[in-house]
Amino acid sequence: MLEAARAAGKSESLDRLLKDYPRGPHDQPQSMCPAFGSLRVGLRMRRTATILCGSACCVYGLTFTSHFYGARRTVGYVPFNSETLVRGQLYEDIRNAVHEIAKPADYDTVVVINLCVPTASGVPLDRLPKAIDGVRIIGIDVPGFGVPTHAEAKDVLAGAMLRYARLEAESGPVSRPRAMADLPTVTLIGELFPADPVGVGILLAPMGLAVGPQVPSREWRDLYGALDCAVAAAVHPFYIASVREMQAAGRPVAGSGPVGVDGTAAWLDGISAATGISADAAKARSLPAIRDTLDANPIDARITISGYEGSELLVARLLIEAGATVPYVGTACPKTEWSEPDRAWLEARGTHVQYRASLEQDVAAMLDVRPDLAVGTTPLVQKAKELGIPSLYFTNMVSARPLFGAAGAGALAAIVAAQTKGRDRFARMVGFFDTVGAGETAGYGWKEIPRDPPGAKDRYRKAREAKAKAAAAVGS
Ligand code: SF4
């Protein structure tokens, strides 16, 4: 598909994706369809409609996600078949759909997302009108063979929207964001637990700074407010296109995030360096409270962390500050300069940090470490359960509780304690269910060990060999 997309004129789009989201040990998603990330960013926004263009099965899965989130936003679908794809009719169909839906009374923005097949076929979304009756039209390619994780796909759309908003702001007056702080603001980049921006605002208050609209944003005009910040904070370090737009708007960018005592102190110093405002008062007010909370909620466990959200290093830092031992952190996201302080801090404490970690690496690390708690993706958690290792789905752990400041410091201890307590129960369950559901005991309806039909394997082997031989003979 990659070659097909290049042949169909998508080289520029693919090269940009490859530069922003470099490949690692694995070059294709090992989790959900990456377009889910872009779709989700569109679903967050008011007065925004999304049109998906891709195979029906992909669109079914993606729209299911929007129902799952109860998004109550419009998601359109432009179907295709071989003929409309090959004859270029698909592009015409998309353009008609965009014209049909782009009504200023209903929408500020219409987002069109090319999935794998239309991207590989070169459907040129860049030729869509930039606006129809004032409704902005944004077309993006988000193929699974170009964007390695759904996390980075969030950045594809967030960056495209920021770029559009920046160019609007540069060429004339724009709408005022609904909520504008009187103070200079910090734009937090990344999807955060709702209490976190509030907590970060409390941290920043002694510096005379406030938290501005976040990226990804809730509303189009918030993008102007996000761009109009004193400093952008790349708390999720993989938003490469979004950071590029912030820098193009002349904003300094700070990496890492305010986790634990060390992390919060270093982050406030970074904000101070970017703004020229002393962080002493903010540190004097917040650090003792974070220290007290960590001391009151100690964690005594060996934990491995794996995930694809991009905040894995920050979570590991917080756990270590609370007393945990974290020998391994794997993130499906790539190494960027915005997580560099976290990598250095973790490695100085003996943690192995694996960027672009594959599931195989995460599982190998868990088997090696045999932790008290394995925090990871669904397949890793499944593997851990089979082995009787207490485990927790990373997204459930981080998306349901704060991470930053004093609130974050106390949030993880209870869930770690609750999970690690289950080790004996897990061991009993593994003993009880021993061998059930594995190998030939998987499935039901068999009273004996299932046998292959006599000679079947042999027949298929011979057929495969003959086919390979015939293929090799062509052109010889
Ligand atoms: S084929 Fe592409 S668009 Fe479809 S689900 Fe897979 S990665 Fe997503």
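**View 1. Pro216 sits in the loop between strand 7 and helix 10 of this predicted model.** Helix 10 covers residues 220-227. Look for the peptide bond that joins Val215 and Pro216: it is cis, with omega at about -5°.

**View 2. Four strands form an open sheet in the order 7-6-8-9.** The pairing here is parallel. Strand 7 (210-211) and strand 9 (253-254) stand at the edges, and each has a single partner strand, so one side of each is left without a neighbour in the sheet. Strand 6 (residues 185-188) meets strand 7 over two bridges, in the parallel sense.

**View 3. Ser256 has a positive phi in the loop between strand 9 and helix 12.** Its phi is near 60°, and helix 12 spans 260-275. Ser256 has a relative accessible area of 6%, which is under 20%, so this residue counts as buried.

**View 4. Arg356 also has a positive phi, near 45°.** This residue lies in the loop between strand 12 (352-354) and helix 16 (359-369). Is Arg356 buried or exposed? Arg356 is buried, with a relative accessible area of 3%. As for the backbone angle, most residues other than glycine have a negative phi.

**View 5. Tyr60, Phe64, Phe68 and Tyr69 make a nonpolar surface patch.** The patch amounts to about 540 Å². Tyr60 belongs to helix 4 (residues 56-68). With 60% relative accessibility, Tyr60 is over the 50% cut-off and therefore counts as exposed.

Key:
Residues numbered from 1 in each chain as written. Predicted model: local features only at pLDDT ≥ 70, side-chain atom pairs only at ≥ 80, totals over all residues. Heavy atoms only, no water. Pairing = 2+ DSSP bridges. Patch = residues over 30% accessible without salt bridge, like charges linked within 9 Å, V, L, I, M, F, W, Y side chains within 5 Å. Areas by Shrake-Rupley, 256 points an atom, 1.4 Å probe, with all protein chains shown as cover. Salt bridge = Lys/Arg side-chain N within 4 Å of Asp/Glu carboxyl O. Buried < 20%, exposed > 50% of the residue type's maximum accessible area, 1.4 Å probe, protein only.
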